[in-house]
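Thank you for asking me to look over this model with you.

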Amino acid sequence: MGSLRRLLCEKTLSVEDVSYLSKLLDTNLSLNECFELMTNSRTEKIFLDIRQRLDKGELIENIIAVYLPRSIRSYVVSLLGTLSLSAALSLALEFEKRQQQDRKMLVGNLAYPLILLFISITSLYLFDLYGIDPIFALISSFDADIGLFDGIRMIFRITVNLIYYLTLLLFLLAVIYTRESKIVMLYIFLSKHLPNSLLCIYFSQEFMSLLLICCERGYKTREALGILKRMKNKPIVSFLAFHMDESLLEGETLKEAAKQSYYDSSLSRFIKIANYTNDFSGIISSYVMLSREKIAQRMKRCTLTIQLFTYIFIGTIIIFIYQILFMPMQAISIY
């Protein structure tokens with residue numbers, strides 16, 4: 001396992017390598033000069049492979065993705081269609097940095113309560129499979145009337161299986177509808193029926209955050225939308241960029257375009273203020289910051305709700321299992 005990991009690392013540049021390469025390319029050095037400055041014992045074989053492929057006539061845009069870390073590879077592949085290698089690497093690094101911040105915010109809030117809930121449900125399911133039958137076998141050995149016990153056993157099994165398979169079904173639906181081919185359909189449905197949902201706010205702020213990064217790099221709004229439209233690894237961002245760009249092509253203002261149901265309802269108000277103040281970057285930065293705070297607050301409430309449900313669930317199950325464990329003693333006393 002260790003040798004496989006080392007082999008994979010030897011064939012892939014690190015995020016730090018990519019950042020350094022991006023900065024060197026910004027100084028207008030040639031690719032070979034950049035490679036020469038970055039060559040060390042770990043990257044020597046990578047740059048040798050790249051040079052050999054370049055000597056064969058291949059374009060750097062067609063081969064660089066193979067040597068990039070997975071976290072930014074999909075960004076670069078999407079961006080290289082319209083941007084130079086230097087610009088694509090630079091934007092990809094900024095996009096990934098933002099993605100890590102969002103991921104940390106989501107995982108940090110939801111990981112503990114969801115893991116706790118999953119462990120509780122799994123433990124209960126395993127207890128139903130392997131723990132109850134020996135107890136009921138012991139009760140039956142005393143020739144006691146176990147009609148009531150059988151009824152409790154049936155209710156317990158139905159409840160456990162219902163909760164367990166419902167959880168698996170929800171997990172399966174989450175896996176299906178978070179795939180690139182399905183997630184846009186889910187987003188359209190939720191944005192139309194739940195316009196102020198957490199999902200709508202989250203993706204609206206992500207879209208505006210990436211748009212802002214592009215604008216701060218010197219791209220005009222239409223150019224930035226064109227860049228985001230081609231991001232296949234971000235299907236919802238691409239979807240939002242497409243519809244905003246289409247609205248602008250039809251002659252609508254940015255504020256009018258943001259009033260569509262696909263966007264957070266507060267976005268158009270921020271754009272209106274940005275137009276009055278002529279400070280698009282500053283106002284949209286405020287929108288992104290306030291949206292992230294709103295998401296954090298809703299996530300906190302969601303987390304507390306899941307934790308409360310889990311604790312109540314665990315407490316109820318402990319009491320129920322406690323009663324089951326004392327059934328043999330009750331059967332002995334009756335006997």
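1. Some ground rules come before the details. This is a predicted model, in which local features need pLDDT of at least 70 and side-chain atom pairs count only at pLDDT 80 or more, while totals for chains, interfaces and linings use all residues. Residues are numbered from 1 along each chain as its sequence is written, and side-chain values use heavy atoms, with hydrogens and water left out.

2. Side chains of opposite charge can pair when their charged atoms come close. A salt bridge here is a side-chain nitrogen of Lys or Arg within 4 Å of a carboxyl oxygen of Asp or Glu, and by this rule the count comes to eight salt bridges. One of them joins K45 to D49, with the closest N and O atoms 3.3 Å apart. Both residues belong to helix α4 (residues 44-55), where they sit four residues apart, or about one turn of the helix; helices are DSSP runs (H or I, at least four residues), numbered from the N terminus.

3. For accessibility, buried means under 20% relative accessible area, exposed means over 50%, and partly exposed lies in between (1.4 Å probe, protein chains only). K45 is partly exposed at 48%, and D49 is partly exposed at 22%. The salt bridge between E58 and R53, whose closest N and O atoms are 2.9 Å apart, also involves partly exposed residues, with E58 at 30% and R53 at 23%.

4. Is the pair E206 and K234 buried or exposed? E206 is buried, with a relative accessible area of 2%, and K234 counts as buried at 10%. Their salt bridge has its closest N and O atoms 2.6 Å apart. Because E206 lies in helix α11 (residues 198-216) and K234 in the loop between α12 (221-229) and α13 (235-249), the pair ties together parts that are 28 residues apart in sequence.

5. Two packed helices are described by the angle between their axes and the distance between the axes. The axes of α11 and α13 come within 9 Å and cross at roughly 70°; they are lines fitted to C-alpha atoms over the stretch in contact, and angles run from 0 to 180 degrees between N-to-C directions. The two helices, α11 and α13, are therefore roughly perpendicular, a term covering angles of 65 to 115 degrees. In contact, meaning heavy atoms within 4.5 Å, F203, S204, E206, F207 and L210 of α11 meet I236, V237, L240, A241 and M244 of α13.

6. In helix α6 (residues 70-79), the buried residues are I72, Y75, V76, S78 and L79. Seen down the axis of α6, they fall within an arc of 160°, so they line one face of the helix; the arc is that of the directions from the helix axis to the C-beta atoms. R70 and V77, on the other side of α6, are exposed.

7. Where does M231 lie? M231 is in the loop between α12 and α13, and it is buried, with a relative accessible area of 0%. Leaving aside residues up to four places away in sequence, M231 touches Y75, S78, F95, L210 and S238. Although M231 and S78 are 153 residues apart in sequence, they are 5.0 Å apart in space, C-alpha to C-alpha.

Note on methods
Parallel < 35°, antiparallel > 145°, perpendicular 65-115°, else oblique.
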